[in-house]
Amino acid sequence: MNFEVMKSETGSPIKMWTKGVQVEDKAREQLRLTSEMPFIFRHMAVMPDVHVGIGSTVGSVIPTKDAIIPAAVGVDIGCGMMAVRTSLTANDLPDTLTSLRSAIEKAVPHGRTSGRGGRRDKGAWGSAPKSAEDVWTGMKPAFDAIVERHPAIGRSNNLNHLGTLGTGNHFIEVCLDEADRVWFMLHSGSRGVGNRIGSYFIELAKKDMRQWFINLPDENLSYFPEGTDHFHDYVAAVEWAQNFAAANRTVMMANTIAAARSVIDKPFEAEMEAVNCHHNYVTRETHFGEDIFVTRKGAVRAAAGVLGIIPGSMGARSYIVRGLGNEESFCSCSHGAGRVMSRTQAKKEVSMESHLAAVSHVECRRDEGVLDETPAAYKPIDDVMAAQKDLVEIVHTLRQVVCVKG
């Protein structure tokens, strides 16, 4: 048994795959509060990258019957990873990787122009390419149906964010595996439209709780009971946002590969192996013989044989993994290394000198704007992987050589 059990007097058990990794007291308290919600099914599962989040803890798996907590899903609905292996090897890459990073940065809008939005934002398309427009054409009818019931969601960045990276811990990387084969890997979610959907329904759930005089230990644990109109509207909207997030990654990956082809002097194939997985989402699944909702807030599905991605920090290894189908974890694993420093703390405590040493092997930005993503702000990925050895097996080990950050 590779997990420990944390119990509260009135809540469901909490099974924690955290041996050998740091867990904050605040995270334990947040887990306890979530476990006391009356609709938790059997027990919660906690991954080794666990840390404090908004509403519920990042790195937690929350199984529920007859209810969903929108803030547990969060506002970056469908955030996740995509990786593809190419026919290239390390020897096929340019001698200097600056041109490759520049080509990717030109091909994929990233970052954000402070105080600006819409088409004027450097992180959005000024005019969306055909690849994004074609995808949006297929998604728009379902989006229009959501907006018809909830017009505020229509005032969002949608098409102009389809195929864009964002900021924070979102990234695009060129990596080498254990055989020096080239992979492209990226991390992003449902962008502005997902944020609008998440924020809107989180506030709607809080309003419902007040209307029904339901007192909660944390307002961010507000929920929609199954059978209510808002529950069904949220399920439809969150499913759409999760599909948008997967499509966003697919469009971005196609543009990344096209950018690489423009600077690599050798024809190559992509998608020799491909993975596209969420790690902030809710879905219907069957566990312990019952149909339930599983919210993975910073966790990846790791059913038997299913491939997933566990990235390290911008200076550490990442892993392509295969799920072992551990039912006690609701067939889940971690979504990364997990933070040990807040962004503010990292900027205060980590020097540029130590950051530059940690990313010396990577072609990437080297300015104070990425200090909050420095490797020291994250748990050691080796410890995280050791703590979940009964959840996944490692298929490929990747080391990045190029990293694009917003």
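## Surroundings of histidine 43

Leaving aside residues up to four places away in sequence, histidine 43 is in contact with Ser12, Pro13, Lys15, Pro63, Phe288, Glu328 and Phe330. The model described here is a predicted one. One of these contacts can be given in more detail: a polar atom of the side chain of histidine 43 lies 2.7 Å from the backbone oxygen of glutamate 328.

Histidine 43 sits in the loop that runs between α1 (25-35) and β3 (44-51). The relative accessibility of histidine 43 is 3%, and the residue counts as buried because the cut-off for that class is under 20%.

## Two loop residues with positive phi

Most residues other than glycine have a negative phi. Aspartate 180 is not a glycine, yet its phi is positive, at about 60°. Aspartate 180 belongs to the loop between β7 (171-176) and β8 (181-188). With a relative accessible area of 31%, aspartate 180 is partly exposed, since that class lies between the limits of 20% and 50%.

Phenylalanine 213 also has a positive phi, of about 55°, although it is not a glycine. The loop that holds phenylalanine 213 lies between α5 (191-211) and β9 (224-225). Phenylalanine 213 has a relative accessibility of 73% and therefore counts as exposed, the cut-off for exposed being over 50%.

## The buried face of helix α3

Helix α3 covers residues 98-107, and Leu100, Arg101, Ala103 and Ile104 in this helix are buried. Viewed down the axis of α3, the buried residues fall within an arc of 160°, so they line one face of the helix.

Which elements are included in what covers the buried residues of α3? Among them are β7, α6 (229-263) and β17 (392-405). Strand β7, residues 171-176, is also one end of the loop that contains aspartate 180.

## The second largest pocket

The second largest pocket holds about 250 Å³ of space. Its lining consists of 15 residues. Those that lie nearest the centre of the pocket are Thr167, Gly168, Arg365, Gly369 and Gly406.

How do the lining residues of the second largest pocket divide into nonpolar, polar and charged? Eight are charged, six are polar and one is nonpolar.

Key:
Residues numbered from 1 in each chain as written. Predicted model: local features only at pLDDT ≥ 70, side-chain atom pairs only at ≥ 80, totals over all residues. Heavy atoms only, no water. 1 Å grid on protein atoms, 1.4 Å probe; cavity = no way out; pocket = protein on both sides within 12 Å on 5 of 7 lines; lining within 4 Å. Points joined across faces, edges and corners; volume = space filled by probe spheres on them. Nonpolar A, V, L, I, M, F, W, Y, C, P; charged D, E, K, R; others polar. Helix = DSSP H or I, 4+ residues; strand = E, 2+ residues; numbered from the N terminus. Buried < 20%, exposed > 50% of the residue type's maximum accessible area, 1.4 Å probe, protein only. Polar contact = N/O pair within 3.5 Å; in protein donor to acceptor, adjacent residues only side chain to side chain. Contact = heavy atoms within 4.5 Å. Arc of directions from axis to C-beta.
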